[in-house]
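The chain is shown below.

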Amino acid sequence: MNHASHTTRRLLGTGATAAAISALMLAAPAAATGGFQGTANVVNPGTATVFQNPAADTMVISAPQAVINWRPDDTTGTGTIDFLPQGNVVNFIGTGDYVVLNRIIPVDGSNVPIARLIALNGQINATNGAITGGSVWFYSPGGILVGQNAAINVGSLVLSSRDIDTTGGLFGAGGEIRFRDPGLAGANSAAITIAPGATITTTSGGPAGSNFVALVAPRIEQAGRINADGSVALVAAEVADITFNQGL
């Protein structure tokens, strides 16, 4: 949980408006858990500030790239973790063509990483200034379920059960996204599942066709609605390198 004074200093360099900063400060978190049911830890590369409030989170991305590690609150069960419950909202805000990787790592009661399925049942938004934008990535080793009532509205989207290599940044030397085997028991068959009724929309104020959706896992189950101003890549693989150029 971020303290208000520390958060204010970091926000002043993000390019966010004074009004946006004031609104966020009024919503300063009272508890660690908010929209996402977990605790955040911002790591290199990049910088982000996380505000968690009951049923709503705001992530201010203040660099071109950012990585946020998430530890889900549910450490006792064996089934699906409702990481973003229905009715909860998460907002990412930044400027420019920012990219944020959310690494959601479930753990057991001994704090050992395990491969449990993560469910996103609420709403996720990303903005670049006053319009939809920004590239939001999610990785979880046990797979990701986008539930039937979920709505994701971002610039571009990556959902993966393969860990993403961040050596030298979120992209490789050739601009590729490097999906790697997470090496956890139970992860070999982890799936990315888009349930019937779920909606994913990617768009921004950039060049037409420049936005993409990439689903990468050993198994892909797509039954929802994907609206992409660009390419959609459904990649069933253990390991993969994918390069997007203007959404292609």
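This is a predicted model: local features need pLDDT of at least 70, side-chain atom pairs count only at pLDDT 80 or more; totals for chains, interfaces and linings use all residues.

**Aromatic pairs**
- Six aromatic pairs turn up in a search of the whole structure.
- One of them joins F36 and W70 edge-to-face, with 5.0 Å centre to centre and 80 degrees between the planes.
- F36 sits in the loop between α2 (18–26) and β1 (38–53), while W70 belongs to strand β2 (residues 56–72); the pair links distant parts of the chain, 34 residues apart.
- Both F36 and W70 are buried.
- W137 and F171 also form an edge-to-face pair, because their ring planes stand at 80 degrees, with the centres 5.4 Å apart.
- Since W137 is in strand β9 (residues 135–139) and F171 in the loop between β13 (163–164) and β14, this pair ties together parts 34 residues apart in sequence.
- W137 is buried, at a relative accessible area of 0%.
- Ring pairs also link F36, W70, F83 and F138 into a cluster.

- E176 is part of strand β14 (residues 176–180).
- E176 is buried but has no salt bridge: R178, the nearest side chain of opposite charge, is 5.0 Å away, and a salt bridge requires a distance within 4 Å.
- A polar atom of the E176 side chain lies 2.9 Å from the backbone nitrogen of G174.
- Beyond its neighbours within four places in sequence, E176 is in contact with L170, F171, D241, I242 and T243.

Methods: Residues are numbered from 1 along each chain as its sequence is written. Side-chain values use heavy atoms; hydrogens and water are left out. Helices (H or I, at least four residues) and strands (E, at least two) are DSSP runs, numbered from the N terminus. Buried means under 20% relative accessible area, exposed over 50%, partly exposed in between (1.4 Å probe, protein chains only). Lys and Arg count as positive and Asp and Glu as negative; His and the chain ends are not counted. A polar contact is a pair of N or O atoms within 3.5 Å; within protein, one must be able to donate a hydrogen and the other to accept it, and residues adjacent in sequence count only if both atoms are side-chain atoms. Contact means heavy atoms within 4.5 Å. Rings of Phe, Tyr and Trp (its six-membered ring) pair if their centres lie within 6.5 Å; planes under 30 degrees apart count as stacked, over 60 as edge-to-face and the rest as tilted.
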